[in-house]
Amino acid sequence: MKEKEQKILSNKTQSIYALALLIGFCIVINIIFSFVNFKIDLTEEKRFTLTPSTVQMLNGLKDNIYVEVLLEGQFPAGFKRLQESTKDLLDQFRSESPYIQYRFFDPLALVTVAEKNNRIKDLAEDGIKPTNLRVMEENESTEKIIYPVAVVKFGSKSIPVNLLENSIAGFSDEEVLNQSINLLEYKIADAINKILRVQKPTIAITKGHGESKPIETQDLINTLSPFYNLKWISLDSMYTVPDDIKLIIMPNPSVKFDEKAKFVLDQFVMKGGDVMFLINRLKIDMDSLRNVRAEYVPIENDVNLEDMFFKYGVRIQPNLILDLECSKIPLVVGKLGTGAQTELFKWYYAPLLSSNSINPIVKNIDRVNAYWTSTVDTIKTKTDIKKTVLLSSSQYSRVQFAPVRINFEILRYDPDPSKFNKPNQPVAVLLEGKFPSLYENRVSPDMLKTLTDIKAEYKSSGDEAKILVVSYGKLINNLYNPTQSDYMPMGYNTFEKQLYGNKDFVINAIEYMFDEKGILAARAKEVKLRLLDTVKIKNERSFWQFINVLLPISLLGLGALFFNILRKRKFAS
């Protein structure tokens, strides 16, 4: 009997020692891992893993970056997910760099009505706009003003970051929210990268050849001014582009460039300069079409750049793209009293352009609304040039080659889908690489003498450069009211009251040109939206309730019964 008691006591002592050893081991492991940054991302799309370019930028920080997130409070599940995702991301940033500091707060909390109105006004002056959120509280629907915005601060500088994407046609609220979460890393990393710039890069916009006027591009100017120096240059009045200019934008030219201007532009590309060509191949706009009674025949927009495009690897065809996937325009269909009665009709010459490319310029953006576009073909070049189609028409498109007669009669009849049999016509093509000079073996002695006088060197082959060719000249244009000095955002369709992705495309393209650190690669990250099948849930509700509630309890009971049986057998022996 005593031996049995001693054996039981010995077993208990061993169990206590084993438990103490286990607890001690767990404590030691926790202490070790508290000093070691160790994590494993088991998600399919690596949603909790920062891109290498973001990590490199964060590791290079040498001073504190403060991030104030205005998204604080009680929200519905969707905004709560955005809030938590933002916090998780900032925690990842801080795990890479101790210089990242952040806080969440509600700018409108615990204030009087007068103070609230003043704060809303102050935030609006800083470019921070609120979102009206409808919330259900005690069976009542109330509207709440929230700010899904993060403000990145460094010293006296600050950059607001809109965390919530605009609504996109054809996308549900869940998909828009998921897209907003996809872009969190890029938006905040991009803001940090911009706020750390010691000197703003310079962008030049050409003038003197019928290009878009500054008032027609006011939205782009206001968007770029905080981060870039903007200059308007005439290629005719210079022999070489200044070294501080990295990017030249050519918006909707309509007057021929002479050989001298083309030579200056060519040598800019040879030195590694980037160019955005926004050119319509045919001259036509809605005003010219409305001012004629019967029909209009557009003429070619000859700006004398076709040989340069051909040398660099593209050709803009003299045609027009028609697409069943298009925006709408109003037309008078009758009279209502003393006024005209109008209706919106699909305008096939205004295609809604999209992309199948994984390039970060077009990743996660809405469709781009364009007018009078032409096909941009790619051509084999002397040097190895990477060619990427960024925007193209839908699968329901076709082309008309010049000369072509255009009128509104096309809207009187239902379109024949069988005629729209030229799908995915390229409209925007990105060229990257070392370009051959247009003037190779063509430089005259006078040109060489001029270069010698200004101490410039002629280059027959280029450094790495990027060229974007878009067959829509007014891509960066915005509608404006000359009497009120007011303007609309790029891509806003006043007839449909809808904002398309024109501005996102243009800004992303410009960022891509300057993206030496590769921050834009974070735009390509994609977190898959795995929505529940509501129909299946409704039909199989009882089954899943049993699986989630009764099955665990049943398994626990069976385990306890099995354990008791084993215990009885052990001690019975």
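The lining of the largest pocket comprises 24 nonpolar, 13 polar and 13 charged residues. This pocket belongs to a predicted model, and its volume is about 1,800 Å³.

**Largest pocket**
- Of the 50 residues lining the largest pocket, Gly127, Pro160, Asn162, Thr223 and Lys503 are the closest to its centre.
- Strand E6 (157-162), helix H6 (184-195), helix H7 (218-224) and H12 are the elements that each supply two or more residues to this lining.

**Second largest pocket**
- The second largest pocket has a volume of about 1,200 Å³.
- Its lining consists of 39 residues, and those nearest the centre are Tyr371, Tyr472, Lys474, Asn477 and Leu479.
- Two or more lining residues come from each of strand E11 (282-283), helix H9 (286-290), strand E23 (480-481), strand E24 (486-487) and strand E25 (492-493).
- Helix H9 gives the largest share of this lining, namely three residues.
- Divided by class, the lining of the second largest pocket holds 17 nonpolar, 14 polar and eight charged residues.

**Nonpolar cores**
- The largest nonpolar core contains 94 residues, and Trp347, Phe505 and Ile510 have the most contacts inside it.
- Helix H12 (residues 502-514) contributes the largest share of this core, eight residues.
- Leaving aside residues up to four places away in sequence, Ile510 touches Ile203, Leu220, Leu224, Tyr228, Leu247, Ile249 and Met276.

Technical notes. Residues numbered from 1 in each chain as written. Predicted model: local features only at pLDDT ≥ 70, side-chain atom pairs only at ≥ 80, totals over all residues. Heavy atoms only, no water. Core = buried A, V, L, I, M, F, W, Y, C linked by side-chain atoms within 4.5 Å. Buried < 20%, exposed > 50% of the residue type's maximum accessible area, 1.4 Å probe, protein only. Helix = DSSP H or I, 4+ residues; strand = E, 2+ residues; numbered from the N terminus. Contact = heavy atoms within 4.5 Å. 1 Å grid on protein atoms, 1.4 Å probe; cavity = no way out; pocket = protein on both sides within 12 Å on 5 of 7 lines; lining within 4 Å. Points joined across faces, edges and corners; volume = space filled by probe spheres on them. Nonpolar A, V, L, I, M, F, W, Y, C, P; charged D, E, K, R; others polar.
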